[in-house]
Amino acid sequence: MHGRPRKAPTTEEQEASAIKASKLRSLQSQFLQLHHNKIYTKEALDVSAKLLESNPEYYTAWNYRKLAVQHNLNLPEADNNEESIKSILDEELRLVENALKRNFKSYGAWHHRKWVLSKGHSSTDKELLLLDKFQKADARNFHAWNYRRFVTALKNIPDEKELEYTTERIYDNFSNYSAWHNRSVLLSHLLKEKAKGYSPKDNVFTEEYEFVRNAFFTDPDDQSGWFYHLWLLDQTVKLETLLVSSWPPHGCNLSLPMDGSFGDCSFSPFTSRQSNTRTLPLILYFSEVVENICSSTVEVECENIVSNELVWRSLSGDETASAHAWLTYLNFPEEHANSLKVYQVKVSLARSQGIFSSTGVHHGNSSHIAFTVSISPHRSEHVDLKNEEKISWSDESFCTHEAQFLESVLANLFHIERTKVDEKVVDYQWNVTTVDNEIAHCRELLATTNCKIGKLTLARLLMAHDTLMSYTGTSHRNFSHHTEVLQLYDDLKKMDPAHFHYYQDEYSLVLLKQIISNQELLLKHCCKYKDPSSPKINNFCLRLNDLSLSRIGSMEKLLWVQVLDLSNNQLQSLEGLEVMQLLSCLNVSHNKLCSFTALEPLRLLRSLKVLDISYNEIGAHSIDTRRYLCSSPLNHKSGGDWKAEESEMPWAEVADNWEAYTIFKDLSLIQLDVIGNAVSDEKIKLLLIKLLPLLKWLDGEVADN
């Protein structure tokens, strides 16, 4: 652990350990009998004390001590007798101190000491002296630092004084992770309370940047200061929660014919496989994970749509109450089925204390999105998806769009109109100047030493710079550092192979951001489907294949995508795709998906009709450590979603392939490819055919339903 090599125990050590274990088992058996019979005599307490002094990690014994304390405090002789109460609690403090001498990183012991002090009958004067002893034994003991925060709060010691203490400890040893962490906690409190001398925060952070810079210039390979520097950078960049994109985007004219396609749009010739022809998904994507998106915080103005009746849901893989993206559906009435009807839609988010991020930052801007929806008259012909021909993902099936056409399509995809509630203009000049200054210092350091964490910090600084430039409204292309950052991650993969996969993930995110943020690069990945015999496949396809991607990102700029090719990459998860509510065709063949649970985000995609997961590693791993991500038959959350027809399912087959059942039971696929996976046998194919009644093509052949 922590890079310390373990040595095999000698024969003598093994024998001594066996004798010790035997004694502990005997003591434990005696203790459990006393605990079971609720015996709290002095003799019983002595047994539990011996056990805890030998093994401070025995939580049950600590809980027993709490019950014993409560029992003894309720005895008549302790009633209103301060001396008796103090004697009982002091004995607990003495026991904890002895246990900590045995193991000063025992969670149970520190928690028990907190519990005793919270009773309010014990003096806290001795606590800081005791902490000094333990922190001298291990200055980075985070248990002791956490307990110190608890004690200083009880003693009402000012945060300013504690900040001075952390400064002293850092000067003693700037490799003290816990001191740096405590510093971030204290500064957060001081800045939040706007304590005297800690406002404006720009001045405070400027001094902190200089302070931590001294640490990593002294020893560039020590990571303690670098982690604190990362915290400072995070505070510098995360300024406010913004609505960064939406579907439909601001200013678009959307046509929604009765056949369910998005046709004749002013920015796109989209056609989409929509199951409900008069239902339009409305998606809001924020710069941070946010909570409380609802009818009281988001107003939708549109004829025949009642805003406060709209139900918003978070688009997160784990279906929690917080997410980057939120979804609702606009249902247009059928009263104009025989004539063209145009709806003006306006979505407004005022500067609201109701919308807040996981970090406590409130939605900072008043945002407005306006678009039009044209409902075309009913068409007499009916398009049967089951009669469609098989869709091919081969390179020959796609060709490039005309450049002029694509430029008109993409020109206004990411524009959102934002207006301030007040007239105050946010000035990011300090933030930009500070990051620029840190980039210069980092380059200076790397000119003299080949430090891996220095390179990683430079990559983060450069991306932070680009983020700030996007906040200022400056053209992103002119300030992009993507190429340099990609080279830094390439260097890091060679320098630090132990963390290769982390660097590859970061490389993938930057590469996607580079492609999607640059219109010229994005144009090269946009293709059209050539086969005119498939009128219902969107002929506008984003092909991000053969890029060695191991992670997906920049989802806020992909809400418009309906056909996506991610084949021949290194993806192990599809996390993030759940926000792409228009997605109808997806190719993730030839990746590294190792289980059906990796497909979990696809459960939220109503429009998905074509899916290729062939030639992955599904079923190749005997132990699926992510199995718990899928609800089991015994999970109450899954039970509420069951349908009546599910009683006819072959449960013997489902039991062996529960993950597959959970993923596919709510999808409406007409084409699916699973060939090339270890799990791809006749048994799973028969189950998929039963789960997917609309399925026509399975592994390139007609599915026999």
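When I say contact this morning, I mean heavy atoms within 4.5 Å.

A word on what we are looking at. This is a predicted model, in which local features need pLDDT of at least 70 and side-chain atom pairs count only at pLDDT 80 or more, while totals for chains, interfaces and linings use all residues. Residues are numbered from 1 along each chain as its sequence is written, and side-chain values use heavy atoms, with hydrogens and water left out.

Now the overview. The protein has 21 helices and 19 strands; these are DSSP runs numbered from the N terminus, helices being H or I of at least four residues and strands E of at least two. Of the 705 residues, 50% are buried. Buried here is under 20% relative accessible area, exposed is over 50%, and partly exposed is in between, with a 1.4 Å probe and protein chains only.

Let's start with helices. α7, residues 142-154, packs against α8, residues 159-172, at an angle of about 155°, and their axes are 12 Å apart. Those axes are lines fitted to C-alpha atoms, for helices over the stretch in contact, and the angles run from 0 to 180 degrees between N-to-C directions. Angles under 35 degrees count as roughly parallel, over 145 as roughly antiparallel, 65 to 115 as roughly perpendicular and the rest as oblique, so α7 and α8 come out as roughly antiparallel to each other. On the α7 side the contact is made by Trp145, Arg148 and Thr152, and on the α8 side by Glu162, Tyr165, Thr166 and Arg169.

Next, please find α11, residues 224-237. How far apart are its end C-alpha atoms? They are 21 Å apart, which agrees with the 20 Å that 14 residues should span at 1.5 Å a residue; the expected span is 1.5 Å times one less than the number of residues. Ten of those 14 residues are buried, so α11 is largely enclosed by the rest of the structure. Among the buried ones are Trp226, Tyr228, His229 and Trp231. What covers the buried residues of α11 includes α9 (177-192), α10 (201-218), α13 (429-446) and α14 (452-472).

Val510 sits in α16, residues 500-517. Is Val510 buried or exposed? With a relative accessible area of 5%, Val510 counts as buried. Leaving aside neighbours within four places in sequence, Val510 is in contact with Met463, His482, Val485, Leu486 and Tyr489. Take Val485 from that list: it is 25 residues from Val510 along the chain, yet their C-alpha atoms are separated by 7.6 Å.

On to the strands. Two strands pair if DSSP finds at least two bridges between them. β7, residues 341-349, pairs with β4, residues 299-301, in the antiparallel sense over three bridges, and Val300 has Val347 of β7 as its bridge partner. β7 also pairs with β9, residues 366-375, again in the antiparallel sense, over nine bridges. There, the bridge partner of Val342 is Ser374 in β9.

Further along, nine strands form an open sheet with mixed pairing, in the order β10-β12-β13-β14-β15-β16-β17-β18-β19. Its edge strands are β10 (398-400) and β19, each pairing on one side only. Within that sheet, β16 (610-612) and β17 (671-673) run parallel and are joined by three bridges, with Val610 standing opposite Gln671.

Finally, the backbone. Most residues other than glycine have a negative phi, and most peptide bonds are trans. Pro200 is in the loop between α9 and α10, whereas Pro248 is in the loop between β1 (243-247) and β2 (253-256).

Then there are positive phi values. Lys38, in the loop between α1 (11-36) and α2 (42-54), has phi near 55°, and at 64% relative accessibility Lys38 counts as exposed. Asp699 also has a positive phi, about 55°, and lies in the loop between β18 (697-698) and β19 (701-702). Asp699, though, counts as buried, at 15% relative accessibility.
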